[in-house]
Amino acid sequence: MAKSNWKGTSGWGAIDDPTGKLTGRVLVCSAGVSAVNEDYLSEVVGTSSTFDKTNYSGQLEYAWPASTSIHPFANGTLGVIARAQTFSGDPALAQDCYIGEIDLGTSKANIIRRVAGDDAVINTATLPEEASTRGQKHSLELRCYGTTSVTLQLLLDDTIIANVGDTAANRLTSGIPGIKCSSGTVYVDNFSILQYTEDGLAPKDWTPHQVTGLTVAGWWKGDEGRTLASGSNLSVWADQSVNSNDFAQASATNQPVVALTTVNGLPSIKFDGVDNFLAVPDHATLDLFTNGASLFIVQSPNSFTTTANEPIVSKQSTYQLALDNTKGYEWTNGTNTVEPAAFVGTTSVFQISAFVTDKGASTGLGGIWLDGTNEAAIVYNVGADNGNELFAGKNSAGQYYDGNIAEIVLVHGECGTATRQKIEGYLAHKYATWPRLPSTHPYRTIKPTV
């Protein structure tokens, strides 16, 4: 998380780094002679709580100034909390949790199970001398994964110093993280949550290959499916779904151009707004009337011109998402048109523009979204299936899109909220547009994983 987010409450404070080893604003963990501060990080320093709270680790960096004559933490304990059920009191103390701590007073590293207010040390080890060295940066991490048999690992500077399995976890199968500090002052930076799976392995990133219950009809990515160098005309943009719905353009005059490293170091496809477009012949997997449709596009428009309907992706009288000169974006099925109530959209910025239909006008899930924010409701299905081609960059009325497209995901079916948000999260973290997701979006600060 950004260091500018550090803030203080109930015994914590935030200052400019006095150690010379951390960076920017740091968290002051100060707990007097015997007091204990144990705080939930989403309340104290603004970290996200939207993560799977079963298998994860909490990690922080800490340091002390080298110049102090007396060690400011000579008898202190610093720990990372995992799976806390609640935090209560002032200062807030963790209730029912695991704690991985370093104790400078006893020179021990301890892994503790706290249940009903009782602390049981379930593993202890001799603390390496370097753990208390002033004028150096150290990292402390508590890994906690598994449920029936919990694995707990305490790491100092990326080396395991305490390691134990716990089969008496009682109800400690999930919970929230925190930091513990007592009897001294230490400066902390870069607290982070790392996700794990049941076996302690880092989870894999979720991608549209993991869409369940629906079918990905087409998936076109600027970083795959084409091998041309920057500035080259693009004749084929291969579909990365299983359907081989490849975009193609035989005419060099009409071919868009490959633009490398245009968004988060990744390529995109540049359309000139005059005569550039790609097309896929009609195919059963692109005829979506029976099940409805969901479409997600990472694109950067060069302008919202005085001419309405610059089609980004279009199957014309079946479904189309286009730029609109008065409202920013427009969805149509050839008969019905939906636009935001007021203008939305930004030029020369990559955004995730999306729509989901509502073929029964009954689910309330249909709409137009821009960077995860709903901008309009759709209570219609796509138009009737027909033989039209699927276009990127134009429609059959001869209107053209002026801008860059980095990725397109077309789903055969109407995405529910959870699937829509996963696709948005996947795209937002791939293309670094996540800061524009709503603060309540579950994947604003973390990637969706499997």
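A charge sits over a ring if NZ of Lys or CZ of Arg is within 6 Å of the ring centre and within 35 degrees of the ring normal. With that in hand, welcome to a set of close-up views of a predicted model.

**View 1. One lysine lies over the faces of Phe 277 and Phe 391.** Lys 394 lies over the face of Phe 277, with 4.5 Å to the ring centre. Lys 394 also lies over the face of Phe 391, and here the distance to the ring centre is 5.0 Å.

**View 2. The whole protein, as a setting for the close-ups that follow.** The protein has 450 residues, and 53% of them count as buried. Its secondary structure consists of 2 helices and 31 strands. Taken along the principal axes, the box filled by the C-alpha atoms is roughly 80 × 45 × 40 Å. How do the contacts relate to the sequence? Among contacts between residues at least 6 apart in sequence, 65% join residues at least 24 apart.

**View 3. Tyr 145 and Tyr 196 form a tilted ring pair.** A pair of aromatic rings is described by the distance of the centres and the angle of the planes. A search of the whole structure turns up 13 aromatic pairs. In the pair shown here, the ring centres of Tyr 145 and Tyr 196 are 6.0 Å apart and the planes meet at 35°, so the pair is tilted. Distant parts of the chain are linked by this pair: Tyr 145 belongs to strand E11 (residues 138-145), while Tyr 196 is in the loop between strand E15 (185-195) and strand E16 (215-221), 51 residues apart. Are these two residues buried or exposed? Both Tyr 145 and Tyr 196 are buried.

**View 4. Phe 304 and Tyr 329 meet edge-to-face.** The planes of these two rings stand at 80° with the centres 5.8 Å apart, so the pair is edge-to-face. Phe 304 is buried, at a relative accessible area of 16%. Tyr 329 is buried too, and its relative accessible area is 2%.

**View 5. An aromatic cluster.** Which residues make up this group? Tyr 62, Trp 64 and Phe 73 form one aromatic cluster.

View 6. A disulfide is a covalent bond between the sulfur atoms of two cysteines. How many disulfides does the structure hold? The count is 0. Cys 29 is buried, with 0% relative accessibility.

**View 7. Strand E15 pairs with strands E2 and E4.** Strand E2 (residues 25-30) and E15 pair in the antiparallel sense over 4 bridges. In this pairing, Val 28 is opposite Tyr 187 of E15. Strand E4 (residues 56-63) also pairs with E15 in the antiparallel sense, over 7 bridges. Look for Gly 58, whose bridge partner in E15 is Ile 193.

**View 8. The side chain of Ser 294 reaches the backbone of Gly 413 and Cys 415.** Ser 294 is in strand E22 and is buried, with a relative accessible area of 0%. A polar atom of its side chain lies 2.8 Å from the backbone oxygen of Gly 413. The backbone nitrogen of Cys 415 is 2.9 Å from a polar atom of the Ser 294 side chain. Cys 415 is itself buried, at a relative accessible area of 2%. Not counting residues up to four places away in sequence, Ser 294 touches several others, including Phe 355, Val 356, Val 409 and Leu 410.

**View 9. Leu 410 and its surroundings.** Leu 410 belongs to strand E31 (residues 402-412). With 1% relative accessibility, Leu 410 counts as buried. Which residues is Leu 410 in contact with, leaving aside its neighbours within four places in sequence? Among them are Thr 215, Val 216, Trp 220, Leu 288, Ser 294, Tyr 319 and Leu 390. For a sense of scale, the C-alpha atoms of Leu 410 and Leu 142 are separated by 40 Å, and these residues are 268 residues apart along the chain.

Technical notes:
Residues are numbered from 1 along each chain as its sequence is written. This is a predicted model: local features need pLDDT of at least 70, side-chain atom pairs count only at pLDDT 80 or more; totals for chains, interfaces and linings use all residues. Side-chain values use heavy atoms; hydrogens and water are left out. Rings of Phe, Tyr and Trp (its six-membered ring) pair if their centres lie within 6.5 Å; planes under 30 degrees apart count as stacked, over 60 as edge-to-face and the rest as tilted. Buried means under 20% relative accessible area, exposed over 50%, partly exposed in between (1.4 Å probe, protein chains only). A disulfide is a pair of cysteine sulfur atoms within 2.5 Å. A polar contact is a pair of N or O atoms within 3.5 Å; within protein, one must be able to donate a hydrogen and the other to accept it, and residues adjacent in sequence count only if both atoms are side-chain atoms. Contact means heavy atoms within 4.5 Å. Two strands pair if DSSP finds at least two bridges between them.
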